[in-house]
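Please look over the sequence and the model before reading on.

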Amino acid sequence: MTGNIRPETMERITTPALAQAFIDEQVHELRSQIGDSRVLLALSGGVDSAVVAALLIKAVGQQLVCVHVNHGLLRKGEPEQVIEVFRQKMNANLIYVDAVDRFLDKLSGVADPEQKRKIIGAEFIRVFEEEARKLDGIAFLGQGTIYPDILESDGVKAHHNVGGLPEDLQFRLVEPLKLLFKDEVRVVGKALGLPDSMVYRQPFPGPGLGVRCLGAITRDRLECVRESDAILREEFSKNGLEGKVWQYFTVVPDFRSVGVKDGKRTFAYPVILRAVNTTDAMTATVEDVPFSLLQHITERITSEVEGVNRVLFDLTPKPCATIEWE
């Protein structure tokens, strides 16, 4: 497959057999394209980068160098999952970078959402560039570009944050998924043996939890977001809502309110629950979550998450709200 225009005759990948045929074709093309060179990939753990990584591992093995940057804004357990799946199970050549303090120090006191996004994106590029310069023989840069990215942006996939690497690195791009839609990427991921929790991971913003910890990010509120989000995801999974609801997450705003715990007054944060369904992300409806489940989630969050004394449920569709809060 060449060029950025998907042929009208290209069959949609909807079955394991079609996915395997695609994989076989891409393995052949990747080996021909890459030869004996090495490939660098920013592996976030999202479905696109994970599928590209698995495909490149199958094609060129240890010639692929994956870099997973933990910026402290990932969901609970995600860095550990990336290491477990790719280093332990797939024997990937994986570099893990703990940059939590570096990112959070840069974000300290920054409340404007767009400024937060710019800082996170720019710092990611710097960290990735530093790791790239430590390596020899890298000729290619793998990217999880998919077909909608080409249609919408006519360029490098922005949320992978590697489009701003300095020109002197002179990497050539490897984009094996560039003609696939998201649902096809998931079918390919399943055929490559990736776990469902990675293949069917719900949409996650590029700045991660940085835009769900509203206003200036603090470590205590960031942990409130991470822990409450983990409880919400666990309860939705237990109660049959995983896969039924398009996107669900928690938000912690930058204010506190009075409450009572163990007979004593508290001054703590609220957690806001968001659960929406959509087909195109242009409009969204709110999931009708059973009230008894909301009560149970509230009880868990207020008892298990430090620094929280209220749980709220966002009932607003898009429009007039957006899906994310920032």
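Does F181 count as buried, partly exposed or exposed? With a relative accessibility of 25%, F181 counts as partly exposed, where buried means under 20% relative accessible area, exposed means over 50%, and partly exposed lies in between (1.4 Å probe, protein chains only).

## About the model

This is a predicted model, in which local features need pLDDT of at least 70 and side-chain atom pairs count only at pLDDT 80 or more, while totals for chains, interfaces and linings use all residues. Residues are numbered from 1 along each chain as its sequence is written, and side-chain values use heavy atoms, with hydrogens and water left out.

## Aromatic pairs

A search of the whole structure finds three aromatic pairs; rings of Phe, Tyr and Trp (its six-membered ring) pair if their centres lie within 6.5 Å, and planes under 30 degrees apart count as stacked, over 60 as edge-to-face and the rest as tilted. One of them joins Y147 and F181, edge-to-face, at 5.4 Å centre to centre and with 85° between the planes. This pair links distant parts of the chain, since Y147 belongs to helix 6 and F181 to the loop between strand 5 and helix 7, 34 residues apart. Helices (H or I, at least four residues) and strands (E, at least two) are DSSP runs, numbered from the N terminus. Y147 is buried, with a relative accessible area of 9%.

The rings of F236 and Y248 have centres 4.6 Å apart and planes at 40°, so this pair is tilted. F236 lies in helix 9 and Y248 in strand 6, so the pair ties together parts twelve residues apart in sequence. F236 is buried at 1% relative accessible area, and Y248 also counts as buried, at 5%.

The axes of helix 9 (residues 219-238) and helix 10 (residues 291-304) come within 10 Å and cross at roughly 150°, where axes are lines fitted to C-alpha atoms, for helices over the stretch in contact, and angles run from 0 to 180 degrees between N-to-C directions. Contact means heavy atoms within 4.5 Å, and the residues of helix 9 that meet helix 10 include I231, L232 and F236. By class, this contact has six nonpolar, two polar and five charged residues.

Five strands form an open sheet in the order 3-2-1-4-5, with parallel pairing; two strands pair if DSSP finds at least two bridges between them. Strand 3 (93-98) and strand 5 (172-174) are the edge strands, each pairing on one side only.

Key: Ala, Val, Leu, Ile, Met, Phe, Trp, Tyr, Cys and Pro count as nonpolar, Asp, Glu, Lys and Arg as charged, and the others, Gly among them, as polar.
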